[in-house]
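Biologist: Could you take me through the charged pairs in this one, with a close look at the side chains involved? Then carry on to whatever else you think is worth a look.

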Amino acid sequence: MNTQKDWKIKMRVLVTGGAGYIGSHTCVELLNVGHEVFVVDNLCNGHEAALERVRGITNRELQFTNADIRDANALDNIFNTFKPEAVIHFAGLKAVGESVANPLKYYEVNVGGSISLLSAMSKAECNNIVFSSSATVYGKPKYLPYDEEHPTNPVNPYGRTKLMIENIIHDWTKVDLKRKGTVLRYFNPVGAHESGQIGEEPIGIPNNLMPYIAQVADGRREHLNIFGNDYETADGTGARDYIHVIDLALAHIGTLNQNKLDRFEVLNIGAGKSTTVLELVSKFEEISGVPIKSKYLPRRDGDLAAFWANPSKASEKMSWKPERNIKKICEDTWRWHKLNSTGYEGE
Ligand code: NAD
Ligand code: UFG
């Protein structure tokens, strides 16, 4: 694990989408180990207040430009002035349902945005990119846990944009031996920074389980809808691999200077075990002391019963391993919600 003590090489890192959920936590860890950070984000789903809080948590400065990654001039300006040595690329849209309803928007923003970013990197001879991909690229499991060799067959436009971008990055690295691309396939990121200062703040009704549970606990939602109780899992509810956002953030730090990584590398980032909806609800009730009202609904369209990661490749190649369990995930999520009942609103 990379800690402040053993981290030697400091880099200038451009973080696209750094004002978002995973990006803001990664900025904290980048600053904690001494990297210089520049964030580009168009704030379509991010919060400038989160960046101010990142500065507060770390007591370090970070630069920010409000721009779209499809704006070539804005990117050129950043590359010419900040001269990043690496890019961590979070910026993109991530709502599966919206991607089905409006696929062109997803191809335009996610794929178009990534091409625009890689073009700017090529021009500036910035040769190192780390990309936020998703376990959703695997599709219906042929076996579990998923390892990186598992066939890919994403079942919605969002997932297809992720796989396309992975392939584009792979092709981009083949052009020049100096180029390096690391694809991180996240499983289910949850939790918050333990200060309670930054966390996940979905706009509107949460699509994902953890923020929904937390909003029932803090009184913003009346009850949780549990989608399906007839899956072939321990208790019939869906099972996922929940990974603490700080463990995920630390995986990005690990990618930057690892000489064990190939020039193009794909790594699963998950905890390596699955937790059902009912198990997560029960742990959250225990930590918060609040009963979570719930109702069973039919299965959600497109949902898989269960999946989890084999994260051993990331452990071998980066000396990375997840250290925060479900209890810690619930504690940190609950602290964030208690301290920020209206999220970043009002700032
Ligand atoms: P998020 O929406 O909180 O963060 C994304 C950030 O990118 C936001 O701040 C948004 O304003 C910004 N952005 C979007 N389009 C942009 C554009 N064209 N130009 C500039 N900025 C733009 O999402 P997150 O949960 O932090 O996810 C980060 C990345 O990780 C995404 O690429 C997402 O697809 C991927 N991912 C997320 C999950 C998850 O469950 N959260 C799982 C797997 C992969
Ligand atoms: N669930 C409920 N009620 C809810 C929300 C979710 O019962 O209100 C259940 C789901 O049916 C599923 C589990 O909780 O069994 C987890 O659902 P999430 O929506 O939190 O997560 P998903 O695994 O469906 O999807 C997430 C992201 C995807 C990403 C995937 C893998 O939303 O974009 O993780 O990384 F691709």
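Modeller: Arg300 sits at 36% relative accessible area, so it's partly exposed (buried is under 20%, exposed is over 50%, and partly exposed is in between, with a 1.4 Å probe and protein chains only). Its side chain meets that of Asp303 in a salt bridge, 3.1 Å from N to O; the rule is a side-chain nitrogen of Lys or Arg within 4 Å of a carboxyl oxygen of Asp or Glu. Asp303 is partly exposed too, at 25%.

Before going further: this is a predicted model, where local features need pLDDT of at least 70 and side-chain atom pairs count only at pLDDT 80 or more, while totals for chains, interfaces and linings use all residues. Residues are numbered from 1 along each chain as its sequence is written, chains are lettered from A and ligands numbered from 1 in the order written, and side-chain values use heavy atoms, with hydrogens and water left out.

Side chains of opposite charge can pair when their charged atoms come close. The salt-bridge count here comes to 24. Arg299, partly exposed at 45%, has one with Asp230, with the closest N and O atoms 3.0 Å apart. Arg299 is in the loop between β13 (294-297) and α10 (312-318), and Asp230 is in the loop between β8 (224-227) and β9 (239-240), so this pair ties together parts 69 residues apart in sequence. Those labels are DSSP runs numbered from the N terminus: helices are H or I with at least four residues, strands are E with at least two.

Lys178 and Asp176 also pair up, at 3.7 Å from N to O. Lys178 is exposed at 55%, whereas Asp176 is partly exposed at 22%. Then there's a network of salt bridges linking Glu194, Lys328, Asp332 and Arg335.

Skipping neighbours within four places in sequence, Ser133 is in contact with Lys162, Glu166, Val183, Leu184, Arg185 and Tyr186, contact being heavy atoms within 4.5 Å.

Helix α1 is mostly hidden as well: eleven of its twelve residues are buried, so the rest of the structure largely encloses it.
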